[in-house]
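Colleague: Could you walk me through a few features of this model and show me how to read each one?
Modeller: Gladly; let's take them one by one.

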Amino acid sequence: MNIRASVVGAAGFAGIELVRLLLRHPDFELASVTSDALAGTPVSQAYPAFAGQTDLVFSACDDAAFDGCDVAFLAVPHTASLGMAPGLLARGVSVIDLSADFRLKDPAVYERWYKTPHTASRLLPEAAFGLPELARGELERAAAARAEGKAALVACAGCYPTATSLAAAPALASGLVDEAGIVVVDAVSGVTGAGKKATERTHFCFADGNLEAYGVGTHRHTPEIEQILRIPGRVVFTPHLAPLGRGLLSTVTLPLAPGAPLPRVEDLAERYAAFYAGDAFVQVLPAGTLPRTASVVGTNRAHVGVGVAEGARAIVAVGAIDNLGKGAAGQAVQCANVVFGLPETRGLEAVAMPV
C-alpha cells in the first residue's frame, strides 16, 4: 500500500518520533511535516539524526499540508485537535489524534478536567479509542468505516493511562479485586513526557538528579484511566517526574475483595499471559520478574509484571513502556495499521536497545 501521511506538530518529541517511524514504514509515505515555529527549516537541520535520511522540510500547518493525504497524525496540545479534526475528516482525511481531545467519551468530563469547552462533541461517538489491546473492537469499527470510504477518527490513549491500564486490566478481569476498593497508581515518567518546551520542572538544571511528584489528585489522566478500566471514582493517581530521557513505569495496587482467596504469583502471571495471548506488543514477564523501562525504550512494546502483597491482601501490577513509543508515536502507528487494514506490527520495532 501507499498511504500518504502528514504529521502535524512534527517538531515536538512525539511528533519527531512519528517522523522516525513513518519514514521507515513500508506502507506509509510521509508527505508533509508541519511546525509553525520551524516552517521552512529542514527536518535534518532541527534534528541532525535525520541527516542523509530525508529531505523533508517543516511547513506551516495550513490546508496545503494535507493535499492528497490519506491520514493526518496530530501530535498537538489539547484543544488544537478540536479545531483541526472536523475539517480534516470533512476532506476525507483520517485522523490519528495523540492529544486528549477525543479520548473522554463524556464532554462534561473533558470540560471539568481540561477547563475548556469541548467544541467538537458531535465527533465523540465516532472516535475510536486508541489502545488496541483493550479497545480493539472500536478500532475495528473505525477500520470498517474507512474501508467503506469514510474517514476515521482515532483518539490515542495517553502514556500514563496506557501503562497503567495494561498493568491493571487482567487483575480487574480476574474477579479477585474489591469492586468498591480504591486503586492506587504510582507512576514515573521521563522528561520527554512533559513536552519539548523547557519549564522550571523540566529544565536540565532542575530535573537532573531529582525525583518529584506532581499533579497530586488533579492530573488529567485520572478520568481516562477510570474510563478505560471502568472504575469511576476509584483511582488515586500520582505521577512523578524522573531524570530520564524517555521511559514510563506505572505501579498499580489493587485490593483483593473480601473473602477472595490470596492468589499465588505464579497463578496471576498465568492469568496475565492468557489475557494478552495474541497481543504482539504486550510481554507478560515470568512470576518474580518485574519490568524495567530500559527494556522497552525505542519500541512500541509494554512489559507487564505482577506480584502479591500478602499482608495487605493486594495485587501489585507493574507496567513499563516508552512514553514516546507505546505511550505516543508507536501506539499511533499501531492504531493506524489497524485502521488501514495492515498487520498491527507493521513498521514497528520489536527489540529495545539492549544496553
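Colleague: Let's begin with helix packing. At what angle do helix H6 and helix H8 pack, and how far apart are their axes?
Modeller: For a helix pair, look at the angle, the axis distance and the handedness, and then at the residues that meet. This is a predicted model, and in it H6 (residues 159-173) packs on H8 (residues 222-229) at an angle of about 35°, with the axes 10 Å apart. The crossing of H6 and H8 is right-handed.

Colleague: Which residues of H6 and H8 meet?
Modeller: H6 brings Pro161, Thr164, Ser165, Ala168, Ala169 and Leu172, while H8 brings Glu224, Ile225, Ile228 and Leu229. Glu224 is the charged residue here, as Glu counts as charged.

Colleague: Now the other helix pair. How close do the axes of H5 and H10 come, and at what angle do they cross?
Modeller: The axes of H5 (residues 132-147) and H10 (residues 325-339) come within 8 Å and cross at roughly 45°. An angle from 35 to 65 degrees falls between roughly parallel and roughly perpendicular, so H5 is oblique to H10. As for handedness, the crossing of H5 and H10 is right-handed.

Colleague: And what kinds of residues make up the contact of H5 with H10?
Modeller: From H5 come Pro132, Glu133, Leu139, Glu140, Ala142, Ala143 and Arg146, and they meet Lys326, Gln331, Gln334, Cys335, Val338 and Val339 in H10. The residues of that contact divide into seven nonpolar, two polar and four charged.

Colleague: Next, aromatic rings. How many aromatic pairs does a search of the whole structure find?
Modeller: The search finds five. To read a pair, take the distance between ring centres and then the angle between the planes. In one of them, Phe28 and Phe73 lie 6.2 Å apart centre to centre with 70° between the planes, an edge-to-face pair.

Colleague: What is the geometry of the pair formed by Phe275 and Tyr276?
Modeller: Their ring centres are 4.9 Å apart and the planes stand at 75°, so the pair is edge-to-face. Phe275 is partly exposed, because its relative accessible area is 33%, whereas Tyr276 counts as buried at 3%.

Colleague: Where does Lys115 sit, and what is its phi?
Modeller: Lys115 is in the loop between helix H4 (107-114) and strand E6 (128-130). Its phi is positive, about 55°, although Lys115 is not a glycine. At 68% relative accessibility, Lys115 counts as exposed, because the cut-off is over 50%.

Methods
Residues are numbered from 1 along each chain as its sequence is written. This is a predicted model: local features need pLDDT of at least 70, side-chain atom pairs count only at pLDDT 80 or more; totals for chains, interfaces and linings use all residues. Side-chain values use heavy atoms; hydrogens and water are left out. Rings of Phe, Tyr and Trp (its six-membered ring) pair if their centres lie within 6.5 Å; planes under 30 degrees apart count as stacked, over 60 as edge-to-face and the rest as tilted. Buried means under 20% relative accessible area, exposed over 50%, partly exposed in between (1.4 Å probe, protein chains only). Axes are lines fitted to C-alpha atoms, for helices over the stretch in contact, and angles run from 0 to 180 degrees between N-to-C directions. Helices (H or I, at least four residues) and strands (E, at least two) are DSSP runs, numbered from the N terminus. Angles under 35 degrees count as roughly parallel, over 145 as roughly antiparallel, 65 to 115 as roughly perpendicular and the rest as oblique. A crossing is left-handed if the near helix is turned anticlockwise from the far one by less than a right angle, and right-handed if clockwise. Contact means heavy atoms within 4.5 Å.
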